[in-house]
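This report covers helix packing and salt bridges in one model. The structure is shown first, and the notes follow.

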Amino acid sequence: MYVNTAVMTISVLASSAGVGVETVRYYQRYGLMQEPAKPASGYRHYTALDLQRLLFIRRAKNLGFSLKDILALLALDGGSNCQLTRNLAAVRLSEVETRMKDLQLLASRLESIVLSCDQNISAGIDECPAIDSMVRETTVN
């Protein structure tokens, strides 16, 4: 949800970006976002640029970038260093590909356990070979 107003409170900012107020405050403490000066009215005012920055942080987190990496990306001031952006993205891509391979292996092992259990259930065998199989894998690895 995007609120097109000149200024907004922290709660409107957070809601517009789909995060909590404490998340915004955490990002401020971490240095990802500036905390606006507090006017006499008592409410800090955030702008559309603050919302844009918060949405960028949220999207980068969803892509798996660490807060440290996001801080580095934001320091590029509008993406003026494509090589650094590329390097950070390449590292993240490599991590994702490794996780995908690990998940595929896990899925294969679980599929084998399900098949083994299905065979025993169909045969009316009450013992579960999956437990023995997992114990053997643990002692081998």
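## Salt bridge between Glu 35 and Arg 44

Glu 35 and Arg 44 form a salt bridge in which the closest N and O atoms are 3.1 Å apart. The model is a predicted one. Glu 35 has a relative accessibility of 48% and counts as partly exposed. Arg 44 is also partly exposed, because its relative accessible area of 26% lies between the limits of 20% and 50%.

## Salt bridges within helices

The structure holds three salt bridges. One of them joins Arg 25 to Glu 22, with 2.8 Å between the closest N and O atoms. These two residues, Arg 25 and Glu 22, are three residues apart in helix α2, so about one helical turn separates them. Arg 25 has a relative accessible area of 36% and is partly exposed.

Another pairs Glu 95 with Arg 92, the closest N and O atoms being 3.0 Å apart. Glu 95 and Arg 92 lie three residues apart in helix α5 (residues 82–123), which means a separation of about one helical turn. Glu 95 is partly exposed at a relative accessible area of 39%. Arg 92, in contrast, is buried, with a relative accessible area of 15%; the cut-off for buried is under 20%.

## Packing of α1 and α2

Two packed helices are described by the angle between their axes and the distance between the axes. Helix α1 (residues 10–17) packs against helix α2 (residues 21–30) at an angle of about 100 degrees, and the axes are 8 Å apart. The angle makes α1 roughly perpendicular to α2, since values of 65 to 115 degrees fall in that class.

On the α1 side, the contact involves Ile 10, Ser 11, Leu 13 and Ala 14, which meet Val 21, Val 24 and Arg 25 of α2. Sorted by class, the contact of α1 with α2 comprises five nonpolar residues, one polar and one charged.

## Packing of α2 and α4

Helix α2 also crosses helix α4 (residues 67–75), at roughly 70 degrees, and their axes come within 12 Å. As a result, α2 is roughly perpendicular to α4. The crossing of α2 and α4 is right-handed.

Tyr 26, Tyr 27 and Tyr 30 of α2 make the contact with Leu 67, Lys 68 and Leu 71 of α4. The contact of α2 with α4 has five nonpolar residues, no polar ones and one charged.

How values were computed. Residues are numbered from 1 along each chain as its sequence is written. This is a predicted model: local features need pLDDT of at least 70, side-chain atom pairs count only at pLDDT 80 or more; totals for chains, interfaces and linings use all residues. Side-chain values use heavy atoms; hydrogens and water are left out. Axes are lines fitted to C-alpha atoms, for helices over the stretch in contact, and angles run from 0 to 180 degrees between N-to-C directions. Helices (H or I, at least four residues) and strands (E, at least two) are DSSP runs, numbered from the N terminus. Angles under 35 degrees count as roughly parallel, over 145 as roughly antiparallel, 65 to 115 as roughly perpendicular and the rest as oblique. Contact means heavy atoms within 4.5 Å. Ala, Val, Leu, Ile, Met, Phe, Trp, Tyr, Cys and Pro count as nonpolar, Asp, Glu, Lys and Arg as charged, and the others, Gly among them, as polar. A crossing is left-handed if the near helix is turned anticlockwise from the far one by less than a right angle, and right-handed if clockwise. A salt bridge is a side-chain nitrogen of Lys or Arg within 4 Å of a carboxyl oxygen of Asp or Glu. Buried means under 20% relative accessible area, exposed over 50%, partly exposed in between (1.4 Å probe, protein chains only).
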